[in-house]
Amino acid sequence: MKNFCLLLICYLFFFTLAWTFADTSESCANSHAPVGVMGDHGHKIGELMCSYRFMVMDMQGLQSDTTSVEIAEVLKDFMMAPTTMQMQMHMVGMMFAPRDELTLMAMANYQILRMEMEGAHHHMGGHHGHPVGPHEMSSSGVGDAKLEALLTFWKRPRLTLLGNIGISLPTGSISQKRDSGVFLPYPMQLGSGSFEALPGVTLSGYYGNWSYGGQLRGIFPLHTNSQAYRHGNAATATVWGARQINDWLSLSGRLFFTHWRNITGNNPELNPLMSPSHRPDWRGGQRLDIAISSNLIAPTGTFVGQHLAVEFQMPVYQNLISTQLKTTWRLMVGWHYAFQL
């Protein structure tokens, strides 16, 4: 299954090279990728774009590899087990083109994280150093900021190839604690604690009322953080297709594959026997998602040029290293407005 997914992603990505037969206007609703794709387009010289995105993600149930795991089984080996996790993220961004071949992008975010846990009631030692039964932990604050440059490698009336060169700044906290002063597990921290390289390449093309695209992105932490660990490398590949319905509406579908590796090192303040979420070597995995999206644009009037977008994502395949919470769905809505300075 893993090899099949990789082959399918590569095939669909390079298949978009064939769709280079017609052009479309940048004022059309399908002139941008689905809202879940970042850094998909450049701008004309002197153009500024402001954007806002809101994302909510839900995770429920435990899984090891591709098999579901019962909480009771986890509590045989750990003091606690995660049962659900929700994430909300507010993202604001700006893009500016100092020249036609170069667009600069900056993005910041604010996160709200909540995880529900189940504490074991019995241990061989006869005492507890943790809450028993259901309980909740939460954290919130600024996440890691991102700076990126989009370079136009190749542009024709029917096809554009962009290079994405970016860096993530460790502005998110990795010292989030419970009220008791105990460190929260790795998924509840707000950032990576490391500078990260963000390379990528994006291809987009058009055919009549259709638009197509593909993107490959990577995340590569550059050093160990102040808590003595480093997030694993990650890579994503996505392809999409959109259909222009009328002057103000387009509908699209997207397929994307994500691969991420385990954390290396460990925070010495986190007891790996507390819960699976405290294990740095249980953080990697692979996931294949599908998404349906829509883009709306105001073609005339007071709000001309403003875009609204929504995307709903759902995994169709997950392979998680050891025991982790599995993703159930993700929803993103966004707004952006571009204008000439």
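A salt bridge is counted where a side-chain nitrogen of Lys or Arg lies within 4 Å of a carboxyl oxygen of Asp or Glu. The model is predicted, so local features need pLDDT of at least 70 and side-chain atom pairs pLDDT 80 or more, whereas totals for chains, interfaces and linings use all residues. Residues are numbered from 1 along each chain as its sequence is written, and side-chain values use heavy atoms, with hydrogens and water left out.

**View 1. The salt bridge of R287 and D289.** The closest N and O atoms of R287 and D289 are 2.9 Å apart.

**View 2. The salt bridge of E73 and K76.** The N to O distance is 3.1 Å. E73 is partly exposed at 42% relative accessible area, while K76 is exposed at 60%.

**View 3. The salt bridge of R99 and E101.** The closest N and O atoms of this pair are 3.2 Å apart. R99 is partly exposed, with a relative accessible area of 48%, and E101 is partly exposed at 39%.

**View 4. The network of R114, E116 and E136.** Salt bridges with shared partners join these residues into one network. The structure's salt bridges number eight.

**View 5. The lining of the second largest cavity.** A lining residue has an atom within 4 Å of a cavity point, on a 1 Å grid over the protein atoms alone where a 1.4 Å probe fits but cannot get out. The lining comprises 23 residues, of which D40, H41, M49, R53 and H336 are the closest to the centre.

Notes:
1 Å grid on protein atoms, 1.4 Å probe; cavity = no way out; pocket = protein on both sides within 12 Å on 5 of 7 lines; lining within 4 Å. Nonpolar A, V, L, I, M, F, W, Y, C, P; charged D, E, K, R; others polar. Buried < 20%, exposed > 50% of the residue type's maximum accessible area, 1.4 Å probe, protein only.
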